[in-house]
Amino acid sequence: MNVHTPSAAHKAKPIVAKDSSFALDAIEGLTHEPKRLSPKYFYDDAGSDLFEQITRLPEYYPTRTELGILTERAAEIAAAIPKNAALVEFGAGATTKVRLLLASAPIKAYVPVDISGDFVAAQADALRADFPQLDVHPVHADFTQAFTLPDAVRDLPKVGFFPGSTLGNFEPHEAARFMRQAAELLGRGATMIVGVDLEKDERVLHAAYNDAAGVTAKFNLNLLVRMNRELGANFDLSSFVHRAIYNREQHRIEMHLISRKAQAVRVCGRTFHFRAGESIHTENSYKFTPDRFRALAQGAGWSEIGRWSDARGLFAVIALRAI
Ligand code: AVJ
């Protein structure tokens, strides 16, 4: 990045205090054996932009496949949504997907839940302009923690929406806990619509996370760029490489940053040693079979009422009912 351009200078953030959660998590993760970092730190401005680019890559099938299902099966999916419902989106970002539901289902209120308050507020304004009859009640919260719904939607039927196979970023016990919390939040009889990435030919998975243009590598390496800028770290980007592998036993894509040589790196004023070939594990992206997902949902208080997939069986949109 050229730090002399005005836009970059404008975007540059001050060095974050050494007790920020990023700093604490980085120190914990780099001390852990094996080294690790949470994928939630991918999404600074540059990382969010790189993820947008990933969703348009020819090899990265999930986004376009899910959008295809939501578009082509809109009428059937809408039939699973009760009249005058409140749609609660967990981790709302761009409104592309929810707009497909709004266009086909009689939804009364939209409740986007996200930690990035500003972005959600801007998206909510755009949505109000396009759907004037829709009540929009943004909630500024971490959706993995307990939170309460706005009073205004208390008496409406509830529909949870969790697209994008974001659930795949959770460890199995975290995914179960999230689904159980969602059942409690939304209440008995509620509906939930989840985007689930399916287990498939490993070559398809491998290509999706090791794209030829190297955008996923850039996305992964951006974690080091971010630590250099925000945590005063001195990672040499050319001495780490991106690696994504499919772990068949655990049904997950793993992303790693591999040190090409033995080296020492300073982060937050501390020194961390790397062996040649040592990894920082940066992401797990779990893949499901329909049966394994149904079992997870069932154990967390949900029963499946609908499932829609693309012709190749790459991705599924699944509707659940809280029991
Ligand atoms: C946003 C978690 C769904 O796992 O496919 C894309 C993130 N990582 N390429 C995924 C991601 C590498 C993505 N999710």
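This is a predicted model: local features need pLDDT of at least 70, side-chain atom pairs count only at pLDDT 80 or more; totals for chains, interfaces and linings use all residues.
Trainee: Which residues come nearest to the ligand?
Mentor: The shell around the ligand has 13 residues. Those that come nearest are Tyr60, Gly164, Tyr209, Glu283 and Ser285.

Trainee: How much of the ligand's accessible area does the protein cover?
Mentor: On its own, the ligand has 350 Å² of accessible area.

Trainee: How many residues of the shell around the ligand are nonpolar?
Mentor: The shell includes one charged residue and five polar ones. Helix H3 (45–55), helix H10 (215–230) and strand S12 (279–286) each supply at least two of the shell's residues. The nonpolar residues number seven.

Trainee: Which strands stand at the edges of the open sheet, and why is one side of each left without a neighbour?
Mentor: The sheet has four strands in the order S1-S12-S9-S8, and the pairing is mixed. Each edge strand has a single partner strand, so one of its sides has no neighbour in the sheet. The edge strands are S1 (35–36) and S8 (240–247).

Trainee: Which residue of S12 does Arg252 stand opposite?
Mentor: Strand S9 (residues 252–259) pairs with S12 in the antiparallel sense, over seven bridges. The residue of S12 opposite Arg252 is Tyr286.

Trainee: What angle does the direction of helix H10 make with that of S9?
Mentor: Helix H9 (residues 202–209) packs on the sheet and touches S8, S9 and S12, with its direction at about 155° to that of S8. H10 also packs on the sheet, touching S8, S9 and S12. The angle between the directions of H10 and S9 is about 60°.

Trainee: Which residue takes a positive phi in the hairpin of S8 and S9?
Mentor: S8 and S9 run antiparallel and are joined by eight bridges. Tyr246 stands opposite Ile253 in S9. Four residues lie between the strands of the hairpin, and the residue with a positive phi, near 60°, is His251.

Trainee: What is phi of Ser165?
Mentor: Most residues other than glycine have a negative phi. Ser165 lies in the loop between strand S6 (158–162) and helix H8 (172–186). Its phi is positive, near 50°.

Trainee: Which two residues does a cis peptide bond join?
Mentor: Most peptide bonds are trans. Here omega is about -5°, and the proline concerned, Pro34, lies in the loop between helix H2 (21–31) and S1. The cis bond joins Glu33 and Pro34.

Conventions: Residues are numbered from 1 along each chain as its sequence is written. Side-chain values use heavy atoms; hydrogens and water are left out. A residue is near a molecule or strand if one of its heavy atoms lies within 4 Å of it. Accessible areas come from the Shrake-Rupley method with a 1.4 Å probe; for residues, only the protein chains shown count as cover. Ala, Val, Leu, Ile, Met, Phe, Trp, Tyr, Cys and Pro count as nonpolar, Asp, Glu, Lys and Arg as charged, and the others, Gly among them, as polar. Two strands pair if DSSP finds at least two bridges between them. Contact means heavy atoms within 4.5 Å. Axes are lines fitted to C-alpha atoms, for helices over the stretch in contact, and angles run from 0 to 180 degrees between N-to-C directions.
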